[in-house]
Amino acid sequence: MSVKSEATTPPEIVDKPRPRTAVVAAVACAGIFVGYLPIMAATVGLSAIAQETRASASDLEWVVSMLVLPMAALILAFGAWAEKWGRRRVLVIGLVLAMLGGLVATSAGLVDGDAAIYFIWIGQGIAGMGAAALIPTTLAIISVAEPDHRRRAVLIAAWSGAMMAAMAVAVYISAAILDVLAWYWLFIPVVVASALVLAFGVRLVPESRGATSGRMDVPGQILTAVGVAALVYAVIVGGADGFSSPKSITGLVVAVVAIAGFIVVELRSNAPLLDLRVFSNVNFSMSALVAAIAMFAYLGVNFGLALYFSALELSPIEVANRYIFLIGGSVVGSNIAGRALHRFNAQSVLAAACGWTGLAMVFLSFIDADAPVWQADLRLILTGVGIGGVLATVTAAAVNAVPYRQAGMASAAINAVRQTGGALGPAVFSILSASWALSALPDKLFDAGIDEKSAAVVHEIVDEQGVQHGGAVAQSQFPELGLHDALSAAQAHGFSLSAVAAAIVFCILAVSCAVLRVVGRKPDVEEPVQV
């Protein structure tokens, strides 16, 4: 889709003279850096949190999910508030919430026993609200700061790279903290980063808002938040208690009703929170689908790797050394995509990135605890390059698929869809990995020479209490059996099959993007570079 001339002039209200675009983009990148900093901090610390708080696998899942869930549920609302009341104003709100969330999570160290996990959840939830404000606002700030769609694509790629860089920095900071300090200090870096951006960066961004008028779409904001939150809750609870459980069924019903109500309200609203007509644009719809699945797979793989590395009993710095290759590859992939978008059509770049990611996921599925470290690192690098390329491309493609005046709405919409996928990723991947690991456990116990009676007892414990927590309980009860290798092999099997499932999905997306590109091509017309 080419950008039409009517969309090149931003109908924006700017309260102050616009500074250099690069400076504004740098502050926006710093904002998204703050928003994503807690994700890997919590992921790297899962093992330490489990040991100190006696948290189960489902409890640990909520440490990540409580951060990602409000990110998905509130992005559209914060995006709308930023457009109406001011992007810099909402940027400040997001930074304050991120800082407050880090302080609350850190205060869990003052609580003894099992109650500490609740403070972590609350802190993560508040930080997730902050991220929900920062993600669409920072992307909208970049989108309106640079009218030229080619240069804007490069800035969006840098924005996506900053997101990945936050995860990379968090990995090593968290590992260093765990080496010298208690686990609850993991959440302090986001407090410091938020304060720095708030003190030195925000003043460089001029206040701006969309040229919108009329009342806010309050019913739409409520319905979308309830619908997304209920959907994610139903999937997480369903994975722990079964999808036939009353909680899961109730969550699914609430989600369906709320989302259906949201669609009805938006179609009837004169000033909708999300203009659903944008989904009639094939490029935008395809970008939204790929964004959701890419984030679903990325955070799902991150969570699965955290549990797998925990099963290998790696030290924090060893975990960081593994993760840095996945995240570093993502930063590289984002930059490659930004350069490619300057020369090639977005659908072509997206098809290539999805295909690369699918093949890399297959390669990643062969990860082996006994293989040389460099082989695991190579698999993680290749996967990260693909994921980074997909996320950078899909964001630029979505924002540039709509007229300039809808850039803020498009940025909020694409991020809402993406974060919903990200919220579901850890839940679904944990279900799949645990199921496949449990099914492989009897064979792994047999291969380890465990007698049939003992193997049956171990399998029962793991089945009742989960692979992560149940495996630890079984090892503590039967240290003489030497269960570590068998349990690690079972978890590796579960993770490998999950990676294969993700690979299949990415390959399907690659084919779909390629077909869309061919079908959408207009012969005999000189087509401008799309991004």
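## A walk through a mostly helical chain

Among contacts in the protein chain (heavy atoms within 4.5 Å) between residues at least 6 apart in sequence, 84% join residues at least 24 apart. Keep in mind that this is a predicted model, in which local features need pLDDT of at least 70 and side-chain atom pairs count only at pLDDT 80 or more, while totals for chains, interfaces and linings use all residues. Residues are numbered from 1 along each chain as its sequence is written, and side-chain values use heavy atoms, with hydrogens and water left out.

Let us begin with the overall picture. Of the 531 residues in the protein chain, 57% are buried. Here buried means under 20% relative accessible area, exposed over 50%, and partly exposed in between, using a 1.4 Å probe and protein chains only. The accessible surface is about 21000 Å², and 65% of that surface belongs to carbon and sulfur atoms; the areas come from the Shrake-Rupley method with a 1.4 Å probe, and for residues only the protein chains shown count as cover.

Next, the interior. A nonpolar core is a set of buried Ala, Val, Leu, Ile, Met, Phe, Trp, Tyr and Cys residues joined through side-chain atoms within 4.5 Å. The largest such core has 150 residues, of which Y36, W183, V290, Y323, I327, M361 and F506 touch the most other members. Helix α10 (residues 282–311) gives the most to this core, with 18 residues. Apart from this core lies another, of 17 residues, among them L441, L445, V473 and L481. Looking closely at I327, and leaving aside its neighbours within four places in sequence, you will find contacts with M40, M164, M167, A168, V171 and Y298.

Just after α2, R54 takes a positive phi of about 60°.

E207 sits in the loop between α7 (188–201) and β2 (208–210), and its relative accessibility of 7% makes it count as buried. Its side chain reaches the backbone nitrogen of R87 at 3.0 Å, and a polar atom of that side chain lies 3.3 Å from the backbone nitrogen of R89. Both distances can be read against the cut-off for a polar contact, a pair of N or O atoms within 3.5 Å; within protein, one must be able to donate a hydrogen and the other to accept it, and residues adjacent in sequence count only if both atoms are side-chain atoms.

What about the cysteines? The structure holds zero disulfides (pairs of cysteine sulfur atoms within 2.5 Å). The sulfur of C354 is 4.8 Å from the closest cysteine sulfur, in C513, which is too far for a bond. C354 is buried at 0% relative accessible area, and C513 also counts as buried, at 0%.

Finally, R277 belongs to the loop between α9 (246–268) and α10, where it is exposed, with a relative accessible area of 63%.

Terms used: Helices (H or I, at least four residues) and strands (E, at least two) are DSSP runs, numbered from the N terminus.
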